[in-house]
Amino acid sequence: MTLRVGVIGTGMIGRDHIRRLTEVVAGAEVVAVTDANEVAAKEAADNLAGATVHATGEDLIADDRVDAVIVCSWGPTHEQYVVASVEAGKPVFCEKPLATTTAACRRIMEAEVTSGKRLVQVGFMRRYDASYRALKQAIDSGAVGAPLIYYSGHRNPSVPEHYTKDMAIVDTAVHDFDVTRWLLGEELTSIRVLAAKPNSHGGDLQDPLLMILESSSGVLVNVETSVNIRYGYDIRGEVVGETGTAALAETGQIVLRRQNSVGVSVPEDWRERFISAYDVEFQEWINEVVSGAGLTGPSAWDGYAAQSVCDAGVQSLYSGDRIEIELGTKPSLYS
Ligand code: NAP
């Protein structure tokens with residue numbers, strides 16, 4: 001069976017996912033698109049044989065030809081489309097964030113719990129990256145003993161002009177929060193955000209930031225965001241265990257020796273670094289939706305938990321305080 005998908009939001013990532021669904025992964029066909037910018041939606045549909053351009057996301061969700069929905073619009077619009085998809089009984093892949101407030105994330109979970117089955121997946125693609133999967137395997141196998149400390153580094157060469165200081169947490173570090181929870185298999189229970197001496201390339205931003213978090217069993221987590229570091233897009237991850245350490249390997253494809261130096265290349269941006277992860281993420285999502293075996297990817301609970309860490313992080317950024325993260329009871333649907 002071919003999964004017929006509708007894509008809400010044909011901006012940068014929406015178009016990239018349409019390309020991926022059309023040219024890279026198997027088993028899906030994009031049959032409908034919509035965007036607040038009608039010209040952008042029509043341009044996206046021009047390359048898709050027989051795709052319908054809908055005036056609104058709600059119209060797309062109600063389209064009988066659409067089996068599953070992909071939400072790639074702006075974060076504040078995610079809740080309405082994810083809830084509408086769940087209420088229509090359609091699987092929905094939502095780009096991160098699941099929603100921009102924890103209250104909205106809770107409303108999404110309530111809708112999904114009422115539906116009685118998992119329909120929502122959140123676009124935390126690092127879980128599909130080969131090096132992160134190897135790191136998780138090393139942790140789970142006990143190769144380094146029980147984890148005690150996890151270090152996560154998130155470095156961007158630069159950020160666009162619309163990037164505000166909160167975005168270092170809600171847009172950038174949100175990926176580190178999710179992947180840390182996943183690697184450790186634990187919730188994060190507190191966060192303190194510290195601003196370092198500012199990078200002179202960062203304008204008014206507080207950059208870099210150093211975040212100190214604790215997990216439910218007491219693992220200390222250290223997240224660094226450096227979003228104006230110029231040299232490349234560099235993602236670091238290292239677990240310090242009781243008997244050893246395991247770290248993400250360098251990602252360059254060759255080791256270059258020249259002019260008295262040896263090194264690997266550093267990716268230009270996140271698209272280059274995680275291109276294969278996005279492909280695997282969508283192939284697994286399509287396979288799971290089509291087979292009816294049930295979704296195993298990042299859930300609405302994961303989206304809610306990551307958003308809760310973000311909210312506490314922003315609070316800490318402004319107050320300087322260590323903030324506790326209270327998630328409440330996890331619905332059994334997500335156990
Ligand atoms: P973008 O290029 O600005 O695209 C968003 C598109 O959604 C724009 O065309 C926008 O139209 C449209 N839109 C806004 N409100 C809408 C609505 N109510 N209904 C339908 N379309 C609407 O942004 P982007 O970079 O693609 O990001 C989109 C989402 O993906 C964000 O949530 C972002 O955080 C996420 N993302 C995730 C990753 C990842 O690593 N997983 C990477 C990139 C982005 P206008 O321009 O006319 O407003």
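A polar contact is a pair of N or O atoms within 3.5 Å; within protein, one must be able to donate a hydrogen and the other to accept it, and residues adjacent in sequence count only if both atoms are side-chain atoms. This is a predicted model, in which local features need pLDDT of at least 70, side-chain atom pairs count only at pLDDT 80 or more, and totals for chains, interfaces and linings use all residues. Residues are numbered from 1 along each chain as its sequence is written, and side-chain values use heavy atoms, with hydrogens and water left out.

Start with Asn-37. Asn-37 caps the N-terminal end of helix H2, with a side-chain oxygen 3.1 Å from the backbone nitrogen of Val-39. Helices (H or I, at least four residues) and strands (E, at least two) are DSSP runs, numbered from the N terminus.

Next select H2, residues 38-46. Its buried residues are Ala-40, Ala-41, Ala-44 and Ala-45; buried means under 20% relative accessible area, exposed over 50%, partly exposed in between (1.4 Å probe, protein chains only). Show helix H1 (12-24), strand E2 (28-34) and strand E3 (52-53) to see what the buried residues of H2 pack against; contact means heavy atoms within 4.5 Å. On the face turned away from the buried side, find the exposed residues Val-39, Glu-43 and Asp-46.

Finish with the cysteines. The structure holds zero disulfides, a disulfide being a pair of cysteine sulfur atoms within 2.5 Å. Select Cys-72, which is buried at 10% relative accessible area; its sulfur is 8.2 Å from the closest cysteine sulfur, in Cys-94, too far for a bond. Then select Cys-105, buried at 0%.
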